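Hi everyone, thanks for coming. Let me put today's model on the screen, and then we can walk through it together.

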Amino acid sequence: MTSESLHAALTPWYRSHARDLPWRQPSLDAWGTLVSEVMLQQTQASRVAVEIVRWLERWPTPRDLADAPTHEVLRQWGSLGYPRRALRLQETAVAIVERHGGIVPRHVDSLLALPGVGEYTARAVAVFHFGDRHPVVDTNVRRVIARAVRGQGEAAPAAKRDLHEVEALLPRDSHDAAIVSIALMELGALVCTARAPQCDECPIRSQCAWIAAGSPPYEGRRAARQAKFAGSDRQARGRVMKALRASDMPVPLSDIALEWPDDDQRARAVESLVGDGLAVREGDSLRLPH
């Protein structure tokens, strides 16, 4: 597989099959792209598609979010999950205002210097908004590369070589490279899926090393699977956060006990939320940070 053959196969496929998503609209600015990428990290695209519109209507610029009360930010985040992302996003907005005059920087190094912005998010903003040439690797891309390039049924745990492998497949032209980057991601989301890949519909089937090898089962190392949500400490934290978001006043710990009756698990949830800056103790009550 070469960058030329990959581009020739993926570009027309993407133009015909790409989902119509809010963060792909030409009118979306760099801030909107950054917000969308943070939201998408551990949340389904269908949920983000609704929430990002509401979010950007309320806080359309980094300065707007930087000046917002933190309790309102956490309420707006709602049930998107992993609410620490909301705190980090507000910290990022503050840094953009203080360091860059409220303008999202273009270069990957500057993006990486922002709080809470990691390798994936920095590269995604640089590529998907600014159109620069960088490898962007998420779970979907890693799975496509594992199958099409390595001939493996699944992706091994993430490693630095992932970036090098994707980099080698990108066309030299920045615009073409950006299309290949988003097309690889879309291919993994729609066709080269984890459980039921639709190989007959794949535009790079003829170039796929896994298909050529007879689609052998994967026998390598696997990434650790996330523990079940039901009954977990994560669910307990979510219940406590839901109670805090629903109240404009501090919530008595006795009321919190009604949300999650297991004393030990509830205590862990409360302590972890306080430790993460997502909740504040106020006597025998708990509230969102101001």
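Let's start with helix α10, residues 161–169, where the buried residues are D162, V166 and L169. Looking down the axis of α10, you'll see these buried residues fall within an arc of 55°, so they line one face of the helix. That arc is taken from the directions that run from the helix axis to the C-beta atoms. A quick reminder on geometry: an α-helix has 3.6 residues a turn, so residues three or four places apart point the same way. On the face of α10 turned away from the buried side sit the exposed residues H164 and A168. Buried here means under 20% relative accessible area, exposed means over 50%, and partly exposed is in between, with a 1.4 Å probe and protein chains only. And what do the buried residues of α10 pack against? They pack against α1 (3–17) and α9 (139–148), where a contact means heavy atoms within 4.5 Å.

Before I go on, some housekeeping: this is a predicted model, in which local features need pLDDT of at least 70 and side-chain atom pairs count only at pLDDT 80 or more, while totals for chains, interfaces and linings use all residues. Residues are numbered from 1 along each chain as its sequence is written, and side-chain values use heavy atoms, with hydrogens and water left out.

**The chain as a whole**

Zooming out, the protein chain has 15 helices and 3 strands. These are DSSP runs numbered from the N terminus: helices are H or I with at least four residues, and strands are E with at least two. Along the principal axes, the C-alpha atoms fill a box of roughly 65 × 45 × 30 Å. Of the 290 residues in the chain, 46% count as buried. Among contacts with a separation of 6 or more, 64% come from residues 24 or more positions apart.

**The sheet**

The 3 strands make an open sheet in the order β1-β3-β2, and the pairing is antiparallel. Its edge strands are β1 (251–252) and β2 (280–282), each pairing on one side only. For pairing, DSSP has to find at least two bridges between two strands. Between β2 and β3 (residues 285–287) there are 3 bridges, in the antiparallel sense. If you want one to click on, V280 has R287 in β3 as its bridge partner.

**The cores**

Now for the inside. The largest nonpolar core has 50 residues, and W31, W55 and L244 have the most contacts inside it. Elements that give two or more residues to this core include α2 (30–40), α3 (45–58), α6 (84–100) and α13 (233–245). There is also a second, separate core of 30 residues, which includes V137, V141, A148 and A177. By nonpolar core I mean a set of buried Ala, Val, Leu, Ile, Met, Phe, Trp, Tyr and Cys residues joined through side-chain atoms within 4.5 Å. Leaving aside residues up to four places away in sequence, W31 touches several residues, among them L56, W59, L89, I96 and V104.

**The tryptophans**

How many aromatic pairs does the structure hold? It holds 2. In one of them, the rings of W55 and W59 have centres 4.8 Å apart and planes at 70°, so the pair is edge-to-face. In the other, the rings of W55 and W77 have centres 5.6 Å apart and planes at 85°, so this pair is edge-to-face as well. W55 is in helix α3 and W77 in helix α5, so the pair ties together parts that are 22 residues apart in sequence. The cut-offs: rings of Phe, Tyr and Trp (its six-membered ring) pair if their centres lie within 6.5 Å, with planes under 30 degrees apart counted as stacked, over 60 as edge-to-face and the rest as tilted. W55, W59 and W77 form one aromatic cluster.

Are these three buried or exposed? W55 is buried at 1% relative accessibility, W59 is buried at 6%, and W77 is buried at 1%.
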